[in-house]
Amino acid sequence: MRVTSSSPARLPQPTFEKLKAQLAAIDKRLATAAKALQDHRNTMMVSRSTPEGFKAATAKLKALEKDVARLQTTRQRLVDAMAVLRPAKPMRPTPAVLRGVIERHLQAGDLQFGAKAPRSEDILTKTEVTKHPFTSEASVLKSDPTKVIIKKTLTGGFVPGKPGDGTYSKPVPLSP
C-alpha cells in the first residue's frame with residue numbers, strides 16, 4: 001500500500017459582497033447589544049437592589065460590555081478585510097492614450113465594425129480624433145475599462161456627424 005502526501009484543501013476566500021453582508025449583520029447585532037447595555041445601565045442607576053441583586057446586575061453589565069467589545073472587534077476585522085478586497089475604481093485613460101489607441105488600430109486596420117452602440121450612461125470616458133475624411137471616437141466602458149470601442153463617422157473633415165451616424169467597432173484592448 002502506497003501513501004501519498006496531498007496538499008491541504010484550499011479554503012475559499014471571502015468576497016467583498018459576502019464581507020459587506022456580514023458587516024451589515026454585525027452592525028445590527030452591535031446596535032442591539034449596545035441598546036441592551038445602555039438599558040441595563042439605566043436600570044441599574046434607577047433601581048435600589050440588595051447586595052446579591054447588585055452582584056447579579058454587575059455581572060450582567062460586565063457580560064454585556066464584553067459582548068459589545070467582542071462585536072466591535074469583529075466589526076473592525078471585517079472592515080479591515082473589506083479594505084483589502086475593496087474593488088478599485090476603474091482608472092480613466094487619458095485622452096492622449098485614447099488617441100494613441102485610435103491611431104494604432106486605424107493604422108493596423110484590425111477593427112471589426114458593426115457592433116451595437118453603447119448606452120451613454122455606460123461610458124466611462126471618450127475622446128475624438130479627426131483624420132480626413134473620418135472622425136473617430138474612442139469610448140471606454142465602465143463595465144470593462146480595459147477595452148475600447150471605436151466609432152467611425154464619415155464627416156468629410158468639415159461636416160459634423162449627426163446623432164445616428166457612424167459605425168461602432170467591437171471592443172479592442174486598451175493596451176497593445
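Reader: What share of the 176 residues of the chain counts as buried, and what makes a residue buried?
Author: Of the 176 residues, 25% count as buried; the term means under 20% relative accessible area, with exposed over 50% and partly exposed in between (1.4 Å probe, protein chains only). This is a predicted model, where local features need pLDDT of at least 70, side-chain atom pairs count only at pLDDT 80 or more, and totals for chains, interfaces and linings use all residues. Residues are numbered from 1 along each chain as its sequence is written, and side-chain values use heavy atoms, without hydrogens and water.

Reader: Why are α1 and α2 called roughly antiparallel?
Author: The axes of α1 (residues 16-46) and α2 (residues 51-85) cross at roughly 160° and come within 9 Å. Angles over 145 degrees count as roughly antiparallel, and therefore α1 and α2 are roughly antiparallel to each other. Their contact has 21 nonpolar, 5 polar and 9 charged residues.

Reader: How do you know that the span of α3 is close to the expected one?
Author: Helix α3 (residues 95-108) has 14 residues and reaches 20 Å from its first C-alpha to its last, close to the 20 Å expected. The expected span is 1.5 Å times one less than the number of residues.

Reader: What makes the buried residues of α3 line one face?
Author: The buried residues are Leu 98, Val 101, Ile 102 and His 105. Seen down the axis of α3, they fall within an arc of 95°, so they line one face of the helix. The arc is that of the directions from the helix axis to the C-beta atoms. The face turned away from the buried side carries the exposed residues Ala 96 and Gln 107.

Notes
Axes fitted to C-alpha atoms, helices over the stretch in contact; angles between N-to-C directions. Helix = DSSP H or I, 4+ residues; strand = E, 2+ residues; numbered from the N terminus. Parallel < 35°, antiparallel > 145°, perpendicular 65-115°, else oblique. Nonpolar A, V, L, I, M, F, W, Y, C, P; charged D, E, K, R; others polar.
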